[in-house]
Amino acid sequence: MKTIFSFFKREIKWYIPIMLMLTLVDFSQVIIPVFTKKAVDAITKKNTALLVKYGIYIIVIASGIIAIRYAYNYILRKLVLKLDFELKTSLFNKYLEMHKGYFEKQEIGDLMARVTNDTRAVRMFLIMGFLGGMDIALLGITTFIMMFIMSPMLSIYVAIPLILLIPLALNFGHKIHKYFKNVQTIFGEMTVRVREAISGIRVIKAFTRENFYLKLFDNVNRQYLQENMKLVRLDGFLDPTIDFLINASIIILILKGGILVIQNRISLGTLVAFSQYIGTLAWPMMAIGFTISLMQRARASLGRINAVLESEPEIADNNLTNYNIKSLKGNITINNLHFKYPAGDVEVLKGINLFVNPGELLGITGPTGSGKTTLLELILRIYNPQEKSIFIDGHEVLKIPLKVLRRNIGYTPQEPFLFTDTILANIKLGRENATIEEAEEAAEIAAIKKTIESLPDKYNTIVGEKGITLSGGERQRIAIARAIITKRPIMLFDDPLSAVDTDTENTIIKRLRNYLRKNNITAIITSQRISALTIMDQVAVLSSGKIIEQGKPDELFDKGGYYYHLYRKQMLEGIET
Amino acid sequence: MKNSNYIKRFIPYITKYKLLIAFSVIFLLVSTISSMLIPFLSKQAIDKFISTKNIQGLIHISILIGIAIGVLFISKIIQIYMTNLAGQRIMKDLRHILFAHMENLAVGFFSREPSGKIITRVTNDVENMNQLLSSGIVALLGDLSILAFSIGFIFYINPRLAAIVILPMPVAILAAILLGEKMERLYEKVRDFVVKMNIRMQETLSGIILIQIFGAEKRESDKFTEIAYGYRKTFHKAQMTSIILRQTINILSYTSIVLVIIFGGLMTIKGIATIGTIVAFLAYTQRLYGPLRDLSDKFSILQNAISSMKKLSSFLDEKEFISDPENPIEKDIKGDVRLNHVYFSYVKNSPTLIDINLEASHGKKIAIVGFTGAGKSTIANLILRFYDPDSGTVEIDGTDIRKFKKRFIRSFMAIVLQNVFIFKGTVKDNITLGNEKITDEEIIRAAKKIGVHDFIMRLPKGYETEIATEGANISQGERQLISFARALVYKPKILLLDEATAAVDTNTEEIIEKGLKKLMEGRTSIVIAHRLSTIKNADMIYVINKGRIAEKGTHKELLKNKKLYYELYTMQFSQIN
């Protein structure tokens with residue numbers, strides 16, 4: 001709520017003008033039928049001059065109403081959109097601070113919906129709710145007072161059907177929203193069915209299962225029709241019912257009002273004025289219902305927005321942070337590191353000890369699920385390691401300012417993610433001011449330069465989800481170039497070559513090693529490929545969260561353990577027979 | 001093509017529900033007429049009975065008004081329900097046709113067209129077309145009849161007054177068209193901004209860890225803020241345009257009201273009109289301006305619907321089919337596969353396969369190896385008849401496969417792909433692909449044979465466990481095993497393995513190889529691989545290079561040849577020697 005309150009506080013100067021304008025408009029609107037009444041009474045008295053005078057009054061007041069309406073709408077909507085903008089950007093900036101664990105718990109679609117749908121609910125309430133609220137308070141009450149002054153009895157009669165509009169709008173608004181959500185859910189399911197038929201088309205065709213997937217689709221298709229008709233059955237009642245209640249009020253006016261005119265208790269002018277008041281009174285009645293249901297929705301949405309804005313990033317600087325640390329050289333010490341994922345209860349790492357000198361290359365291997373990726377993620381503080389377990393240059397990682405830590409480590413994740421942008425922008429992600437030559441140099445090391453240059457737009461080719469499709473190996477190589485160009489003193493490569501074919505793999509490994517050596521970069525590379533491991537200064541074998549072997553590649557070979565077998569296996573496949 | 005031609009194509013879908021549509025139009029007219037009668041009857045009430053103090057007559061006419069109100073209420077509800085029911089049913093039929101059409105399109109279509117586009121056709125475009133009926137045609141018809149009846153009634157009551165009152169109308173129509181167009185353009189831009197905002201968020205949130213590590217937060221935040229700001233400004237402009245439009249129509253409607261009062265009043269004084277006339281005119285002018293307020297909305301809905309209709313029409317015109325022969329052959333299939341001088345190209349003048357001759361007789365295992373992009377997978381695509389060769393033949397049991405029905409010949413084959421596609425549903429569904437002829441015992445037997453039964457039983461609900469979309473909650477290796485079980489329960493004569501073990505790590509590989517062996521027992525197997533260890537025992541190995549068969553032979557023979565195969569085989573281990 002803080003964001004909204006501080007916003008209201010800041011914009012307080014606008015409240016009074018808007019309120020004043022609204023009050024003026026509402027009163028003017030109530031006055032018009034009074035002049036209509038006077039004009040009609042002038043007609044019955046055959047007074048032409050008075051008739052024209054009141055006619056002109058009406059048009060003047062109406063012009064005033066319109067001008068003021070424009071003015072307050074301008075200001076109000078500008079303010080609300082400003083708030084909307086601030087909410088959107090604060091949400092987005094909050095997301096940028098959040099840690100990986102946060103995004104594992106939340107669906108991306110849901111987080112996006114907070115920026116678009118929830119802010120819309122707030123926006124709608126602030127505009128419609130505010131205007132509605134003012135109209136209820138001013139227009140509704142003053143109209144009724146005016147009617148009451150003209151004829152107390154008639155106004156009560158006429159108001160009876162209109163009062164029913166309140167619960168109507170309230171209940172309908174609520175239910176319609178609920179049904180509408182159901183329709184959207186089914187629509188989503190339908191989309192899933194189409195998408196999977198497209199992605200799995202080869203399987204469907206090869207196994208000749210076209211009819212079955214058509215049947216599945218038809219089920220959702222039918223459900224979609226049913227949900228839509230449920231909505232129609234409800235929604236379709238709303239407009240006719242509103243019309244019905246207003247018309248009921250008119251019929252009461254004619255019958256009861258007519259009798260009163262016949263009895264000479266009210267004038268014909270009053271009757272005409274009342275017919276106009278019914279129109280103005282109907283809206284505030286509906287507005288009560290709509291405003292309440294908008295408010296409920298906006299409250300729920302605000303809750304969801306605030307849940308984000310008020311959550312604190314779990315991984316951030318705190319009072320332990322030592323801001324004297326400005327840069328890192330590259331010694332990595334890992335001391336009895338144990339780790340459990342926040343969500344799980346299995347220990348993924350069970351007492352890891354490692355020591356890497358600046359400029360040294362460490363290879364980590366081991367079966368899938370042995371904890372290699374986790375180890376790298378802990379060094380980067382993608383998750384927080386336990387206290388006093390990971391040190392860089394003798395500083396505990398938890399005390400290194402997060403910015404310093406991350407600006408000194410280059411990284412390629414296991415799944416190479418490319419942004420929908422040019423190749424150049426993707427490579428320069430960590431160093432915006434890098435030159436094109438530097439990008440080319442990085443691409444050369446990652447053995448992707450030729451591929452890029454063969455593309456029609458070269459480095460300006462758009463890649464990522466909306467751009468051209470690259471193979472897994474090509475994406476991995478761009479990810480390697482992206483890390484290399486940062487020239488950071490420490491680099492972590494998580495299985496960087498898994499999708500690269502064998503000959504390219506050898507090229508990259510050689511170039512990468514030269515590059516790391518030349519720049520004295522400390523690097524940790526996880527890999528299953530023996531060709532990558534043999535050129536490391538030391539290799540650690542991880543199995544079920546423990547280091548089972550560690551040493552120089554030659555030493556490990558002599559030990560005859562996992563490394564030896566991996567080596568033998570991959571070598572035998574080459575030499576056998 | 002003219003719009004009318006597009007419409008023509010969809011007429012059969014509409015005529016199927018002609019009774020429903022005819023009734024909705026009838027009820028639409030009934031509701032319009034009864035709503036138009038109310039002011040007319042009110043006039044009669046005032047002029048004939050209230051002015052003459054005839055209470056009896058007043059009661060009678062009030063009953064008439066009451067009937068009109070009741071008819072209006074009921075006919076409106078029926079009309080809304082029927083219109084929507086017709087629309088929804090038409091859309092359901094259309095979706096069914098579109099989905100079935102999509103499933104029949106050749107595989108080539110899906111690799112060419114982005115899946116998002118195809119999904120939009122089957123879902124959103126159909127939704128837009130629905131609007132054509134309910135919000136477009138019927139709403140416009142409703143508006144037009146309101147306009148026609150209102151004008152008709154006022155001219156019937158008092159032509160001279162009607163001519164004066166209607167004067168501001170052309171201006172209002174002009175404003176509705178001009179401002180409406182501008183407004184629509186602005187709202188279009190607003191929607192573009194929303195799309196951009198969503199793309200931005202999707203990207204940022206997917207790559208959030210990279211952004212944090214590479215320090216690109218500020219840049220991402222700036223990009224998003226820029227879009228959000230554009231949204232804020234454009235949205236404000238769009239809202240203000242719509243307010244100007246509304247207020248312009250309001251002032252013109254006030255002008256008409258004043259014209260009614262002054263001129264109607266003057267005429268009443270002169271005795272050529274009555275107070276009742278004024279009351280009726282006031283009610284009719286309100287109805288006259290009503291439809292203009294959202295005229296532009298309706299036009300844009302119509303435009304949208306027409307553009308969707310065109311897209312649907314060209315999607316349905318898509319003729320990229322693999323066609324079945326007129327007199328298909330049906331016979332027992334043993335499973336001898338032969339490629340006979342096959343040439344094939346995806347893109348003209350850029351051949352993918354050149355003069356391929358290949359043979360896999362019943363029960364034999366052949367392998368196809370080669371570099372990425374050599375054309376290996378294309379061979380599988382041709383055998384499954386996902387594509388037809390440019391020249392040469394693919395034969396099964398000595399018969400050109402084009403002489404069989406595609407679904408017939410495919411029913412003797414099964415394919416296992418590198419990227420296993422998991423459908424939304426249970427483990428069981430993913431093994432059977434919804435084929436109810438496959439019994440539970442068969443499924444379990446297959447899973448046991450493959451070695452995946454124990455894994456499945458460990459899942460929370462065993463075979464009935466729902467697998468998350470795209471198989472997110474099971475590992476790559478487990479997915480692969482499920483796809484083996486899938487192939488096994490279909491008891492194919494011909495088994496195609498397209499890089500089925502490429503993405504699997506060394507640990508899982510052994511289990512998978514065991515499963516594979518079971519799977520291939522007693523059937524013709526065609527194994528496409530770049531992991532050569534899996535194909536050493538093949539009866540015949542074909543090495544494909546640049547679309548041609550470079551060499552063939554058994555593993556031993558090929559190693560002795562010391563050509564491409566030998567190179568491929570030893571490449572991975574060149575580091576060692």
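Here is a short chat about helix packing, chain contact and strand pairing in this predicted model.

User: What makes α2(A) roughly parallel to α5(A)?

Analyst: Start with the angle: helix α2 (residues 15-44) of chain A and helix α5 (residues 108-150) of chain A pack at about 25 degrees, with their axes 9 Å apart. Angles under 35 degrees count as roughly parallel, so α2(A) is roughly parallel to α5(A). As for handedness, the crossing of α2(A) and α5(A) is right-handed.

User: Which residues meet where α2(A) touches α5(A)?

Analyst: On the α2(A) side you'll find A:Leu22, A:Phe27 and A:Val30, among others, and the α5(A) side includes A:Leu138, A:Leu139 and A:Met146. Sorted by class, this contact has 8 nonpolar, 4 polar and 2 charged residues.

User: How many residues does each chain bring to the contact between chain A and chain B?

Analyst: Chain B brings 116 residues and chain A brings 115. On the side of chain B that touches chain A, helix α9 (residues 217-270) of chain B gives the most, with 26 residues. By class, that side of chain B has 65 nonpolar, 35 polar and 16 charged residues.

User: How do you know that β1(A) pairs with β2(A)?

Analyst: Count the bridges: 7 of them join β1(A) to strand β2 (residues 347-356) of chain A. Pairing needs at least two bridges, so they pair. The two run antiparallel, and A:Leu337 has A:Ile352 in β2(A) as its bridge partner.

User: And what joins β1(A) to β4(A)?

Analyst: There, 3 bridges link strand β1 (residues 332-340) of chain A with strand β4 (residues 390-392) of chain A, again antiparallel. In β4(A), A:Ile390 stands opposite A:Ile334.

How values were computed
Residues are numbered from 1 along each chain as its sequence is written. Chains are lettered from A and ligands numbered from 1 in the order in which they are written. This is a predicted model: local features need pLDDT of at least 70, side-chain atom pairs count only at pLDDT 80 or more; totals for chains, interfaces and linings use all residues. Axes are lines fitted to C-alpha atoms, for helices over the stretch in contact, and angles run from 0 to 180 degrees between N-to-C directions. Helices (H or I, at least four residues) and strands (E, at least two) are DSSP runs, numbered from the N terminus. Angles under 35 degrees count as roughly parallel, over 145 as roughly antiparallel, 65 to 115 as roughly perpendicular and the rest as oblique. A crossing is left-handed if the near helix is turned anticlockwise from the far one by less than a right angle, and right-handed if clockwise. Two residues are in contact if their C-beta atoms, placed from the backbone, lie within 7 Å. Ala, Val, Leu, Ile, Met, Phe, Trp, Tyr, Cys and Pro count as nonpolar, Asp, Glu, Lys and Arg as charged, and the others, Gly among them, as polar.
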